[in-house]
Amino acid sequence: MNQDSDSSDQPTGQDPLLLLKTLQLLWTKQELRKQLKEEIRRGFAGLEDPLAGLLAMLENSSDWKGKGHSLGYYITTELQLWIKEHPAVPQSGIQLKKLQARVLRILSQCPANLLDPLISIYQLHTADRNYLLEHVSHLYLKGDYKELVKWGGGYLLLRICVAPLIQPEDLHLDEWDCHLPAPLAHLPAQPGSAALQAAILSIKLKLQPDQDVEKMCIPLLLQDKANVVEDYVGEYPELQSKLLQILDSWCEPGVNIRDITRPYQGLSRYKPEKFNHRTLSKLVFRLLDRFHVDPALCPNVVNQRHLRTLNYLFYKRFVEKTMTEENWADHVQSTAGDSRCLQGHLVQLLLRHCPGRAARWARHWGLPMDVLPPGLAEELPELHTQQRVEEATKADNYEDCKKKDCYQLPISRENIHFLQTWEETLQCWEKVLQPGQVVGVDMEWKPSFGMVGKPRVALLQMAVKDEVFLLDLPRLLEQAELEGEKEKEKLPRFIQMLYSDAAITKLGYGMSGDLSSLAATCSALKDIEKQLHGVVDLLTVDKQLQKGCSEWRKDGRKVDGLSPEHSHEERGVRQQEKGLSLLVHHVLGKPLDKTEQLSNWEKRPLREEQILYAASDAYCLLEIYERLCRDPESFGLSSDLMESLVGKRSIKPRAKKQLNKQEALSPSGQQCQGSQMETSRAPAPVSPREFSVVCDNMLQGLGRYLRCLGVDVRMLDNEDDHRKAAEIARQEGRVILTSGLPYQTLQSQVGEGRCFSVNCSEKAKEQALQVLKHFNVQVSLSDIFSRCQACNCNKYLKVPRERMRQLVKGSRQASQEPSAVCPGSQLCDVTMPARDSAQPGCTAHREQPEELEQRGADAVLGGGTVLQVDAIPPGVLDRAELTDFYCCSCCGKVFWEGSHFGRVVSQFRDVLLVSGDAQSVYELS
């Protein structure tokens, strides 16, 4: 660039070029880069005009023209931040316009990452709009359009781009260099990039409404830049509609695409093969879907898609022969509709293979008989009768063949349940939402044949051992909508519970597509893919089988890759299978019958064939999974692979980040709706004495473990209703520990973070560890057995051995019965031993023997509590190592030193805070 031309704009303070040399030196030396930021800011402060200084530096360097982060980019973004801290810097008036003219020259060459910072710094959104349009138009003419300019007269594309604002008579050729900020002769040619750069600048400067959308977008489409075209019209519905109408007009019958592309043959990076009716049709449907535009705006493209659909349906019915007559007729009728063109097209297809059927459809639609060959209309009644007989014979043969060659559902028809009301679905949830359950899940929807929009699920299938549940999803959602907001949430909530519970194994095939359609059907499930736990996508297994099928070996012989038990000859495959049907064939020996796959699943009532097909699709997943888990090696799979599939938590990997407790998943995969802890830190540590819980009656084992570790635990009795836990939690400030269905009810009745869902399929010890880690409960040695495991009391009376011997002797003499060991006496040493005063543990000991008195056969504490001295087995009092016994002051249970203390320490090492006396404790284990 000629620096003299802009010498009047240069600042009179520090020389920006000297600053540039200093910064270049720092940039090239890695060890000096830490000083770079400080030097840039110090340099800006020393410049009289930092904005003009930045332009001078960019104009006299070229590193910023490449991709990636350059020194120019670093300087520019630092100035942008510096300006925010020094708001007096931005210019205005004539000086700003001069700076804007200079920066526009740079924008025509700079990479995308520099556009936004420069536009922001130099306030280009405030520049004169006509001025910006002229610059973009001039850029559009440059580089790729030299040939166009020669034969088009120089102003052709200028008028195309800014016709609404500039007319030829308004601007003379000799005025261009002085009028425009970037004269055409001075712009470096960048073949293939001028149109793209012009479009990107237009998007950044929001100039699209004043430009010709057709001429701006054609070069982009010819360079395979459809994504830029989408961005170009993205914020302007009027431009979207106009572009779609233009593209649709090019798809009109008789239009030659070459006539449209011929003027652009000089365009570099020209890809005419990307510009044809088929690719245009795909682009139109993508735009219709993205911008939610009514397809009726593009009748030609829609008609083409329908023609292709009819061809596809014809192939499925008469060539591949995998579609029933009823399904075929249903889809043909809905596709052709009232269009005479489409109806005539189908009749012509049918005339080649089955003239009688062509005649019937022609009469059904009321088409003129002259579309049929001469004489065919007269023979129609006879052909119709003949064809009905042929179809009935084929149907009978097909039923016989199907029973022999295809997978057969191994359960009776009465175990397939079609559910249409909420009350009916309850039986499904009771069986499906069981810890340890394995559920095969599949979904069906009406085929869209490439039309706009994601398919909506019409049937949700869930298979468990010996039963299949078919949920009429549209009907259930419609009923919930009518019954109010509360009822509306029930079905999505249960589906979320199923997919988020790690204790339930969910099987599917291509689950990502199913879940995407499920989210499109019910907005409450839009984030369901982020909550997946315990899912196994058998599509992954299928890919492994396909990869290694030719190399499978068993017992030293080659296996055919379809099944270890059956050969191709034995099975006699009817056609080339694919997808789930092929996997069923591989593993179970017979393919699925897919003739109902393309049914209209929204039509009610469902036919019996559809019900059996839907049930088979879900149930076969259970059989595949069971077979592969039982003998993976015979299918070329390693046991490690199966373990990784079983334990897979999500079908889509999530970014690695530390979840906060609001997002954290409970052991069963359900969210603990609680702690609002920050992402970067765990909940504050709490001791067992400060942590109190109430356990649902299904978690009594967990409750006993937590009491063993010193946690204040209340447990519901077996006959108590689950809702009592919420009542206790509110009254006493406890956290609820529950699982399964009660979690959804209880978590809404207490504060956030006060209800936790536990995985019932795990053992009590693992459950206890999960609870302690989740709530950051810090257990020390002194906490172990600090509470009575029977009644939760934390107050004990310490009784010396000799005093206890007296109490036992007095009790036996008073009752005049020989000592008998009570049924639960051995538990005193196994599960609830106490320690002497030297051992950590029991707190609140009382050593006042005078509080004890003998009342007949009973030893009674001062408060009236009867000690259970008769539970002490013979011989315990004679053990020399026992010096003291500990008596619960609430229930009278008697404890003594045993080996269980060491075992508990060993089991809970991971969460135990160990002090200096740990060595002697661990020796006990």
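We will look at aromatic pairs, charges over rings and a sheet in this predicted model.

Trainee: What makes the pair of phenylalanine 44 and tryptophan 82 tilted?

Mentor: Good place to start! A search of the whole structure finds 14 aromatic pairs. In the pair of phenylalanine 44 and tryptophan 82, the centres are 5.8 Å apart and the planes make 40 degrees. Rings pair if their centres lie within 6.5 Å, and planes under 30 degrees apart count as stacked, over 60 as edge-to-face and the rest as tilted. The value of 40 degrees therefore makes this pair tilted.

Trainee: Why is this pair said to tie parts of the chain together?

Mentor: Phenylalanine 44 belongs to helix H2 (residues 34-46) and tryptophan 82 to helix H4 (residues 71-85), so the pair joins parts that are 38 residues apart in sequence.

Trainee: How do you know whether phenylalanine 44 is buried or exposed?

Mentor: Buried means under 20% relative accessible area. Phenylalanine 44 has 1%, so it counts as buried. Tryptophan 82, at 7%, is buried too.

Trainee: And why is the pair of phenylalanine 318 and tryptophan 328 called edge-to-face?

Mentor: Their ring centres are 5.3 Å apart and the planes stand at 80 degrees; because that angle is over 60, the pair is edge-to-face. Phenylalanine 318 lies in helix H17 (residues 299-319) and tryptophan 328 in helix H18 (residues 325-336), ten residues apart. Phenylalanine 318 has a relative accessible area of 19%, which is under 20%, so it is buried. Tryptophan 328, at 0%, also counts as buried. Both belong to a cluster that ring pairs build from Phe314, Phe318, Trp328, Trp361 and Trp365.

Trainee: What makes arginine 305 a charge over a ring?

Mentor: Its charged end sits over the ring of phenylalanine 285, 4.0 Å from the centre. The distance limit for CZ of Arg is 6 Å, alongside an angle limit of 35 degrees from the ring normal.

Trainee: Now the sheet: what makes strand E1 and strand E6 its edge strands?

Mentor: The six strands form an open sheet in the order E1-E4-E3-E2-E5-E6, with mixed pairing. Strand E1 (416-419) and strand E6 (535-537) each pair on one side only.

Trainee: How do you know that strand E2 and strand E5 pair?

Mentor: Two strands pair if there are at least two bridges between them. Three bridges join strand E2 (residues 438-445) to strand E5 (residues 505-508), so they pair, and they run parallel. Glycine 440 stands opposite leucine 507 in E5.

Technical notes. Residues numbered from 1 in each chain as written. Predicted model: local features only at pLDDT ≥ 70, side-chain atom pairs only at ≥ 80, totals over all residues. Heavy atoms only, no water. Phe/Tyr/Trp six-rings, centres within 6.5 Å; stacked < 30°, edge-to-face > 60°. Helix = DSSP H or I, 4+ residues; strand = E, 2+ residues; numbered from the N terminus. Buried < 20%, exposed > 50% of the residue type's maximum accessible area, 1.4 Å probe, protein only.
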